[in-house]
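This report is meant to be read beside the sequence and the model.

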Amino acid sequence: MSWFQKLKSGLSKSSTKIVSSISSVITKRKLDDEALEELEEALIAADLGPVTAAKLTASLAKSRFDKEVTDEEVRGALAEDIAIILDPVAKPLEIDRSKGPHVVLVVGVNGSGKTTTIGKMAQHYSAQGLKVMLAAGDTFRAAAVEQLKIWGDRTGCKVVARETGADAAGLAYDAIESARAEGADLLLIDTAGRLHNKKDLMAELEKVVRVIAKLDASAPHNTLLVLDATVGQNAHSQVETFQSIVNVSGLVVTKLDGTAKGGVLVALAEKFGLPVHAIGVGETADDLKPFEADAYAKSLMGLAD
Amino acid sequence: MFDSLTSRLGSVFEGLKRRGALKEADVKEAMREVRLALLEADVALPVVKSFIKTVTDKAVGAEVLKSVTPGQQVVKIVNDALVEMLGSENTGLNLLGEPPVAIMMVGLQGSGKTTSTAKIAKRLTEKERKKVMMASLDVARPAAQEQLAVLGEQVEVKTLPIVPGQQPVDIAKRAMQAARLGGFDVVMLDTAGRLHIDDSLMDEVAAVKAAAGPSETILVADAMTGQDAVTVADSFHKRIGLSGIMLTRIDGDARGGAALSMRQVTDCPIKFLGTGEKMDELEEFHADRIAGRILGMGDVVSLVEKAAETIEQEEAEALAKKMQKGEFDLDDMAKQLKQMRKMGGMEGLMGMLPGVGKMKQQMAGANIDDKMILRQEAIISSMTKKERQNPKVIHASRKKRIAAGSGTSVQDVNKLLKQHLMMSKMMKKVSKLGKKGFMRSLGNMMPPNMMPPGGMR
């Protein structure tokens, strides 16, 4: 199965619902107020959020209000509008080998999929011929270090680790030194999951960044926030807080293989404009895919590419 | 980020203050705001719709009580309906049956099953004196079984020894067998995270359920879950049959609309809330608190309860007596500061009060944090007994000494004294209001009093 098919089959479970609700709203009928309201609701049900849903619906109403429209037309037009919003943020992560090493810090709330994402990234960049190293910076959760070590074994990447309970900032420091010594191209630093409203935990994360910058003032070169697609409107608050504290440079959206649509991404793209580097569509090492605006918007609206 | 519903409804009803019964047109307009509030809180759309319908029927024609505004009346009706829908029955775990009784935890990846498993096991062991064994059936995520084993050591609950390569159904059977032989009362089965649309994994969990025959099958779900909550809960319930729901990460700032969605679609009670990363951070479900949270009305009940827990009764009584006499010296202030810290600091306190969202931001801007409280405690500690009892004697040279002793500046000492003056004035007012009035006035009075003009630094 190609990745697009996989994404589509993942999203299609979600988009079937959107599609069927949109189809039931508009099968060659007048696009009136009632129809628009139902359309808006279909978008809300995809987690786009009430504000973005209203905006998209309004823009559709502008061009097509009171006209006879088909289901296909409406879906196409919405997909286009969504793609226009998402296009500027669909940027893959670029690794600069000259940084020696390019340091990527991975952050997020608990259970969003940080460690798994790192495992997948390790696979992806190793396959491209980069020398990748991993730092087991989640020194809090039980067995998180072991979890990353297993990913290290699977992908053949060296893992820098300390015992559970160790200082995460100190570990990051060690990891950069050892990545330099080994001549690694890319260092992926895992962190413990933390809720963004916990000040002390966020301060701890800030310290990790500060300590990293001591060794390389330009590092971390990327700070990725991992977002779970099943999360609803709280994603706004997550992005806002993590960005203000550790200067998030891009997003990775995980668990898009479920029925959750991650529609909040559309709203996030409008509000924050942060690049979406990749999406997670499964549990295996190959299930990390680039984020493509057009394909995503179309699959979201249940259209063939 | 979110305006409270009360203030929003307030603006809807502006201009129609205090008239007899709620009219249909007014209610309709109010419901538009309620709908938006619920959607922003991630309540699933179908649930929102049916809820709005119920509430509209209840609200139209309802008398507006004399002492409240129409907006408050609507909030009350909405709140009551929400509490009712969330379920008021107190539901412990069903542990009836021949031991060992199995409790199975299921859910999506990353919802918090393993942590929750250990928390419940700890609670059953310590509070209900059960002999509990935990077993991880998660053969998918690397080191998941090790994670449960480590947690088992932390909470002092036995875990089933790991046999590499064994499949979930066999592990479940082995766990039940071992528990039977070992005379355990409860077996907690922690399953792997799975998507509700993954047929083979859903078959697997159904087979585990058939093999273990659990008395409780609990869906563990993240309080941050969005619209998908209904789909997830519905699929799990239809496929394997749930008996309860546990909502995790309630200590985040998500409004938790998923609780309502899942409760509505499965009709299963919400049994527990996960309130933190520590193993004892598990709470029973209180519908009224979650309702307030979904509506963005603050968690007044929690605040009152927490305050009751933290403030030691005797101290409180002694303080109350002093206050009645209009005495409030710096020793009392030090006690207050300490209590405030125990209650989760300023931030914890503010988060629980309704309508202080904006104030919270201002406070963050003014650098009012828990360190400030500690600094103030240090200043008071650097005073002599005489100074603490009678702050009027503190003049310039004493201030210098106190500042040096506490590692602060004279300005800091001045600010503290000014704050003490304001607090003692407030205390005098409070003593006239009585206990109930105190909690209410706390919301209105504390922030301006806690914040001397020009901020803290």
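## A recorded span in chain B

The UniProt record, an unreviewed entry, lists residues 269–282 of chain B under "domain: SRP54-type proteins GTP-binding"; UniProt positions follow the numbering used here, feature names are shortened, and annotations may be inferred rather than shown by experiment. Helices (H or I, at least four residues) and strands (E, at least two) are DSSP runs, numbered from the N terminus.

This is a predicted model, in which local features need pLDDT of at least 70 and side-chain atom pairs count only at pLDDT 80 or more, while totals for chains, interfaces and linings use all residues. Residues are numbered from 1 along each chain as its sequence is written, chains are lettered from A and ligands numbered from 1 in the order in which they are written, and side-chain values use heavy atoms, with hydrogens and water left out.

## The two chains

Chain A has 11 helices and 10 strands, and 61% of its 305 residues are buried, where buried means under 20% relative accessible area, exposed over 50%, and partly exposed in between (1.4 Å probe, protein chains only). Chain B has 20 helices and 8 strands, with buried residues making up 53% of its 457 residues.

Contact means heavy atoms within 4.5 Å. Among contacts between residues at least 6 apart in sequence, 78% in chain A join residues at least 24 apart, and for chain B the figure is 75%.

## Helix packing in chain A

Helix 7 (residues 168–182) of chain A packs against helix 8 (residues 199–215) of chain A at an angle of about 30°, with the axes 8 Å apart; axes are lines fitted to C-alpha atoms, for helices over the stretch in contact, and angles run from 0 to 180 degrees between N-to-C directions. Helix 7 of chain A is therefore roughly parallel to helix 8 of chain A, a description that applies to angles under 35 degrees, with those over 145 counted as roughly antiparallel, 65 to 115 as roughly perpendicular and the rest as oblique.

Among the residues that meet here are A:Tyr173 and A:Ile176 in helix 7 of chain A and A:Val208 and A:Val211 in helix 8 of chain A. The contact of helix 7 of chain A with helix 8 of chain A has 9 nonpolar, no polar and 3 charged residues, where Ala, Val, Leu, Ile, Met, Phe, Trp, Tyr, Cys and Pro count as nonpolar, Asp, Glu, Lys and Arg as charged, and the others, Gly among them, as polar.

## Backbone details

The peptide bond from A:Gly100 to A:Pro101 is cis, with omega near -5°, and A:Pro101 sits in the loop between helix 4 (71–86) and strand 3 (102–107) of chain A. In chain B, a cis peptide bond joins B:Pro99 and B:Pro100, with omega about 0°; B:Pro100 is in the loop between helix 4 (70–86) and strand 1 (101–106) of chain B.

B:Asp42, although not a glycine, has a positive phi of about 70°, and with 4% relative accessibility B:Asp42 counts as buried. B:Glu156, also a residue other than glycine, has a positive phi near 60°, whereas its relative accessibility of 69% makes B:Glu156 exposed.
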